[in-house]
Structure formats: structure tokens, C-alpha cells
Amino acid sequence: MSPNELKKALSSGLLSFPLTDFDRELRFDPKGYTERLEWLMPYGATVLFAAGGTGEFFSLEPQEYAGVIKTAAETCKGRVPIVGGAGGGTTLAIRYAQEAERNGAEGVLLLPHYLTEATQDGLVAHVEAVCKSVKIGVIVYNRGATRLTAESLLKLAERCPNLVGFKDGLGDVERIVTIRQKLGDRFVYIGGMPTHEVYANAYKALGVPTYSSAVFNFIPRTAIEFYNAYASGDQTTVGRLLDEFFLPYLAIRNKGEGYAVSIVKAGATIVGKSAGPVRPPLSDLKPQEVEELAALIRKLGPQ
């Protein structure tokens, strides 16, 4: 898949980040991961991001990461494109990106670099170095310490033909509007706020029509129902699902730091599709919180 073909695939339909399966000793479980992907694919996500944020990229060492990407690419080959997460300092991010390409990913999602703040010149150099290290398409994720401006993205658009996408997880409306106005259709724009369904209508008005769904991991039927209603303008269904599930879900998620991932793993366990525990420094939901989530999921009916 060429970078432009990846851009087209990302431009419509629901996107998602599969959980990464771990066993009781917190080792990668390729069999469970394969079964998870086989379960999710028929529901119709247009692109899957392997080893992304919800897939606990930050906890995977390079050799283990390669196994995750290879498993995803081989399992989904010819059916759903796989984009591999990459991040950390520039040298390490290049290594991850090249491993993603070598193991069959159709693209790279460049996650935030580690810890330190950076100037715009430094961020541009970082993204450019990763883009030039691979031939596949790259999507940059504005979140955390990565806060690219429209001017920086203009430079990158000129220097990096394979930089095809911009994903936002900051929620900075002024920044998004400026980027959309200056970059136009040069990039595909993806919503990446945690539990983005709550932000979907607002982002659509800003010119960001597609988004990635974490809840697709455990309520795929409902996630697709919400996306289809949102895409078709069925605000009655959107409002009902926000009230019945997403807003109460946020109330549980907001009880703990890092719960944006932990709650998804809890949800997968509740519906009989466990991906194992989260790895430290994340922590699993408390028993009472799991019970609250289970009650919410039961109200949605079979998935």
C-alpha cells in the first residue's frame, strides 16, 4: 500500500487500536492477539493500529514489538491495513518505524517522543528523520509533548511526501482550525482524543471527520452503530448512546490515572475477550469499578 493509498483508507470509516494480549506473567500472547484480531475484523473497522496507545506501545521492547506487528500484519493481510505505532526518542522511533515496515505494516503512527519538551525546530527534525527512514506512510500524533504548529506541519509536508496524516489528541480548537486552513487536503485528519466519541461532533465541525475508537475493543457492534449514526447525521442515536453509555463510561474512566487503557482491558474481560492485565506503570480497575462497567455493558445487549 502506497502512502497515498493509506491516506485514502484512513479518510473514511471507523479506525481502532486493538489491545495487545498479555499472559498472566505479562508476556506477549500471540495466539490471543490473533484471535482478537480475527474477532474484530468482521465488524468493519477500515484501519487497525497495532501496538498503539491502547495497545500499550510504551510497554513493549523492540523485539517484542516486532512480534506484535508481524502477528497483526499476517493475520489481517489482504483484509484490513495495519499501522504500527512508533515513538520515543528519534533513534528509537526510527528503529520502531523500520521494524513496522519490515514486519508488514502499511504505515506508522508516530506517537509522542519521551518526556522532554522540544522546540518546533526539534520536533520538525524528529518527524522528518522518522519519515525519511521508511517508505510507508506516516501519521503524526499531536499529543503530550508533541505539539506541532501549522507552520511546522507546512515544512514537514514539503520535505516528507510520505507524511500523509495528522492525528490530534490535544483538543486545541484554535490549533486545529489553523492547521486545517493552512494544510487543506494535504493530510488526512484523524480525531484522537481519549474516548473520542464524546468529541466526534465537535471535531467534525472542525474538518476532522474520522476518529479512532478504543471501545471498539469490547463493544464493537455499539462502536460501529455510533460511528454510522454520527456519519449519517442521526443525532438521535448519537445522543442516546452518549447518555446511555459514553458519559457514564467517562465517569468510571476518570476515576484513575491511565484508566483510558485500563478500562478498555477491563471491558474486554467482561465480554469474554480478555487480553490479560495491563502492564505497570498502569494499573487495572478496582473490583467495584469493574462491576460498574459490567452493568453499563449489559445494558447495551449482545455485541
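How do the residues of the lining of the largest pocket divide into nonpolar, polar and charged? There are 21 nonpolar, 12 polar and five charged. The notes below take up this pocket and other features of the model.

1. Basis. This is a predicted model, in which local features need pLDDT of at least 70, side-chain atom pairs count only at pLDDT 80 or more, and totals for chains, interfaces and linings use all residues. Residues are numbered from 1 along each chain as its sequence is written, and side-chain values use heavy atoms, with hydrogens and water left out.

2. Barrel. Eight strands close into a barrel with parallel pairing, in the order β1-β2-β3-β4-β5-β6-β7-β8. Strands (E, at least two residues) and helices (H or I, at least four residues) are DSSP runs numbered from the N terminus, and two strands pair if DSSP finds at least two bridges between them. Between strand β3 (residues 82-86) and strand β4 (residues 107-110), which run parallel, there are four bridges. G85 stands opposite L109 in β4.

3. Largest pocket. Its volume is about 1000 Å³. It is lined by 38 residues, of which G53, F58, P112, R143 and V261 are the closest to its centre. At least two lining residues come from each of α4 (90-102), β8 (210-213), α10 (235-253) and α11 (259-270). A pocket here is an open set of points on a 1 Å grid over the protein atoms alone, with protein on both sides within 12 Å along at least five of seven lines; a cavity is a set of points where a 1.4 Å probe fits but cannot get out, and lining residues have an atom within 4 Å of a point. Grid points are joined across faces, edges and corners, and a volume is the space filled by probe spheres set on the points. For the class counts, Ala, Val, Leu, Ile, Met, Phe, Trp, Tyr, Cys and Pro are nonpolar, Asp, Glu, Lys and Arg are charged, and the others, Gly among them, are polar.

4. Second largest pocket. This one has a volume of about 180 Å³. Among its 14 lining residues, A73, K77, G78, G104 and E106 lie nearest the centre. Helix α3 (residues 62-76) gives the largest share of the lining, four residues. By class, the lining has six nonpolar, three polar and five charged residues.

5. Cavity. One cavity of 30 Å³ or more is found in a search of the whole structure. The largest cavity holds about 30 Å³ of space, and its lining consists of F166, D168, I176, Y189, I190 and V208. β6 (163-168) and β7 (188-191) each supply at least two of the lining residues. Five of the lining residues are nonpolar, none is polar and one is charged.

6. Helix packing. The axes of α4 and helix α5 (residues 120-132) come within 9 Å and cross at roughly 25°; the two helices are therefore roughly parallel to each other. Helix α2 (residues 30-40) and α3 have axes 10 Å apart and pack at about 40°, so α2 and α3 are oblique to each other. The crossing of α4 and α5 is right-handed, and the crossing of α2 and α3 is right-handed. Axes are lines fitted to C-alpha atoms, for helices over the stretch in contact, with angles from 0 to 180 degrees between N-to-C directions. Angles under 35 degrees count as roughly parallel, over 145 as roughly antiparallel, 65 to 115 as roughly perpendicular and the rest as oblique. A crossing is right-handed if the near helix is turned clockwise from the far one by less than a right angle, and left-handed if anticlockwise.

7. Backbone. Most residues other than glycine have a negative phi, and most peptide bonds are trans. A51, not a glycine, has a positive phi of about 55° and lies in the loop between β2 (47-50) and α3. The peptide bond from P280 to P281 is cis, with omega near 10°. P281 is in the loop between α11 and α12 (287-300).
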